[in-house]
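Colleague: I'm new to this one and would like to learn how to read it feature by feature. Could you walk me through it?

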2 protein chains.
Amino acid sequence: QNKLFFISNVRCSINKYCEEHEKKIIHSIKVGTALVLVSLIYLLDPIFKHVGESAMWAVMTVVLIYDFFAGATLSKGVLRVIGTTLGGGLGCLVAILAEDFGHIGYIAVVGTSVFVSGAVATYCRMIPSIKRKCDYGIMIFVLTFDLVAVCGLRADTILELARQRLTAIGMGVAVCLITNLLIFPMWASDELHNLTSSRFKKLACCIEECMEAYFSVGEKKGQPSINISGCKSVLNSKSNDDSLANFARWEPWHGKFGFSYPWEKYLQIGELLRELASIILPLQACIASLSQPSTTLQQPIKETCKNVGLSLGLTMRELGESILKMRRGQEKVLIIPELQSIKLQLTILSTSELQAIENFEDLARANVLFLLMEIVDKVKVLA
Amino acid sequence: QNKLFFISNVRCSINKYCEEHEKKIIHSIKVGTALVLVSLIYLLDPIFKHVGESAMWAVMTVVLIYDFFAGATLSKGVLRVIGTTLGGGLGCLVAILAEDFGHIGYIAVVGTSVFVSGAVATYCRMIPSIKRKCDYGIMIFVLTFDLVAVCGLRADTILELARQRLTAIGMGVAVCLITNLLIFPMWASDELHNLTSSRFKKLACCIEECMEAYFSVGEKKGQPSINISGCKSVLNSKSNDDSLANFARWEPWHGKFGFSYPWEKYLQIGELLRELASIILPLQACIASLSQPSTTLQQPIKETCKNVGLSLGLTMRELGESILKMRRGQEKVLIIPELQSIKLQLTILSTSELQAIENFEDLARANVLFLLMEIVDKVKVLA
């Protein structure tokens, strides 16, 4: 039975690997396609005539803004167009104004404006809230502004040049969005959704493993190996979550997600899961450090603990499932009384006369429960 | 006395804010200067003649690779030059080979090569170890390859064009490195070093606050407010640490850091600190959840716990200090016996007959001790 479990586990991870792999390959092919399409602007005469040498801006746009997730590509594309327009407009203005000052005057005016715009924009990019939202847009703004203002000296037809570049960048963005959104789009929102629900499962596994390991210590007389990588990956998930939620906000309505879907809720759930993981981690460390607890001490709490572990695991799985399927918390009605009864069991257990070590563990678990309840509350809020 | 402490605290944070602020302003001015310098390539005739229209590549280089930390700028600059050279070389090769096939043949060959290179490079960029090290370089490689290969059809003198671009990019990189490394450089290594040592202090504060809060519950009959933000910021530090260490590896010998300074040790210490934080966090949660423990139960453990809390805090501070000053672990000789005596005290305390709640806390603290010892071991390794 154990072997069967192992095989199904291996098969599951192979499947998962293939799936991941497949996604990456699809993405690679999409990038290749987009590059070929955008190169055609250069290679086919009719389009080339329209944009001239600026066609290379289209190629650059594709290379720079193409991203794995649809939301990331979309946000970069929009920021790129806005940044280019603003930067180009201001650059033209400065170049035209500076022309009245003669050659040296031109250099002075343009130099000053470049310095000021660069310094101010860089400072803005370091303000956290702006950095999160439009870092890329500001960079593009500076780039375009400088190029246009500086080129003004050489180019005779600066407006024509600006128009061509904007057209080229627009084409690049269009190619990106079409290939990215229409061919097997990868939604950051799906990823965030699935990750959040899979973390519930991971933590459920951790809790169950803990219980198993604790009670197998006495039986097998060997140090149990507890897999803490699941917990740790949950703990270190913050920055990944943040960026995914950031992209997800940009993604248009698709599948089961509406426009103003509450992505902050996912971040809050993620925060709670991290707190929960940070409680499970010391529980694991504590179990690992118990070298050989006497089995007689374990006996009285064994049944209750096993039950608690199992039902906690089940509850976590159910919660993960309900998030995955976005059920409107019908389980809530079942889960909350269950959690309350678990807590009651633990309280009874801990107030009865027991030795230190076991008690510690139970109380740690009671702690887990507190947090679990908070999570349940959050799930309620998620509706 | 409390007020005085508050004032000094506020002043300290204002100073810190100013310092941060100052760094940001210096960085902004540096970026502005670099942009002006690179614009001069365009504006001054003698240099412009040398590179022609490719001068805009220099501007682009500065905007794209300039980063807050010296190491980041350096690594991006080097990767940019390598990526451009390789991409340009291969692009030229493809363009020259494809010329033999006529117009349609040219389009076919170039299109295929663009597709293949784009897809393969994108796939490579998604392999984690490559992504960490040369994500940017591969992107630049694809960009240059495509531009050169595609332009080959139009430009008569493709080699001349490639030479000009490479020169321009070289100039851009040079301007970046000079302004970034010579004017008030911001070293990622310093930042990592200081952050690591300040985290010791943060955790020390957390431990001391915990003790304080626990024993003030009974006295003041009010819910103590425990500041958990310190702990949480340590917990969420992983991705920041990783990128800093990545940059620090690129930074040349400066100040007190040699060339092959063991940055991985910092990552290991960071990992241990995160584990420690994940143990302190539930300790805080547990203290916060104790509504009104009977003071009589607290009495017997009060002295020991206070002592333990104080000496743990001191130890952490000392460790942080010794990392900051890179002392070769002379403290090790003092700290380890001290930790052992702390542990002994706790063991005695926990084996004597005590009620559940206090025991839980002590054991949690014993747990903290285990980890602290591990940290001491690590500091030993750091030498």
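Colleague: In what order do the elements of chain A run from the N terminus on?

Modeller: Helices (H or I, at least four residues) and strands (E, at least two) are DSSP runs, numbered from the N terminus. Here the order in chain A is α-α-α-α-α-α-α-α-α-α-α-α-α-α, which gives 14 helices and 0 strands. Keep in mind that this is a predicted model, where local features need pLDDT of at least 70, side-chain atom pairs count only at pLDDT 80 or more, and totals for chains, interfaces and linings use all residues. Residues are numbered from 1 along each chain as its sequence is written, chains are lettered from A and ligands numbered from 1 in the order in which they are written, and side-chain values use heavy atoms, with hydrogens and water left out.

Colleague: What share of the residues in chain A is buried?

Modeller: Buried means under 20% relative accessible area, exposed over 50%, and partly exposed in between (1.4 Å probe, protein chains only). Of the 383 residues in chain A, 51% are buried. Take Ser189(A) in helix 8 (residues 188–220) of chain A: its relative accessible area is 1%, so Ser189(A) is buried. Ser189(A) also lies 9.0 Å from Phe69(A), C-alpha to C-alpha, although 120 residues separate them in sequence.

Colleague: And how do I read contacts across the sequence?

Modeller: Contact means heavy atoms within 4.5 Å. In chain A, if you take contacts between residues at least 6 apart in sequence, 82% join residues at least 24 apart.

Colleague: How many aromatic pairs does the structure hold over all chains?

Modeller: Rings of Phe, Tyr and Trp (its six-membered ring) pair if their centres lie within 6.5 Å; planes under 30 degrees apart count as stacked, over 60 as edge-to-face and the rest as tilted. There are 4 such pairs over all chains. In one of them, Phe141(A) and Phe145(A) have ring centres 6.1 Å apart and planes at 20°, so the pair is stacked. Phe141(A) and Phe145(A) are 4 residues apart in helix 6 (residues 128–151) of chain A, so about one helical turn separates them. Both Phe141(A) and Phe145(A) are buried. In chain B, Phe141(B) and Phe145(B) form a stacked pair too, with 6.1 Å between centres and 20° between planes.

Colleague: Which ring does the charged end of Lys76(A) sit over?

Modeller: A charge sits over a ring if NZ of Lys or CZ of Arg is within 6 Å of the ring centre and within 35 degrees of the ring normal. For Lys76(A), the ring is that of Tyr136(A), with 5.6 Å to its centre. Lys76(B) lies over the face of Tyr136(B), also at 5.6 Å from the ring centre.

Colleague: Which residue meets Lys76(A) in a salt bridge?

Modeller: A salt bridge is a side-chain nitrogen of Lys or Arg within 4 Å of a carboxyl oxygen of Asp or Glu. Lys76(A) meets Asp67(A) at 3.7 Å, N to O. With a relative accessible area of 22%, Lys76(A) is partly exposed. Another salt bridge joins Arg125(A) and Asp135(A), whose closest N and O atoms are 2.8 Å apart. Arg125(A) belongs to helix 5 (residues 102–125) of chain A and Asp135(A) to helix 6 of chain A, 10 residues apart. In chain B, Asp67(B) and Lys76(B) form a salt bridge at 3.7 Å, N to O.
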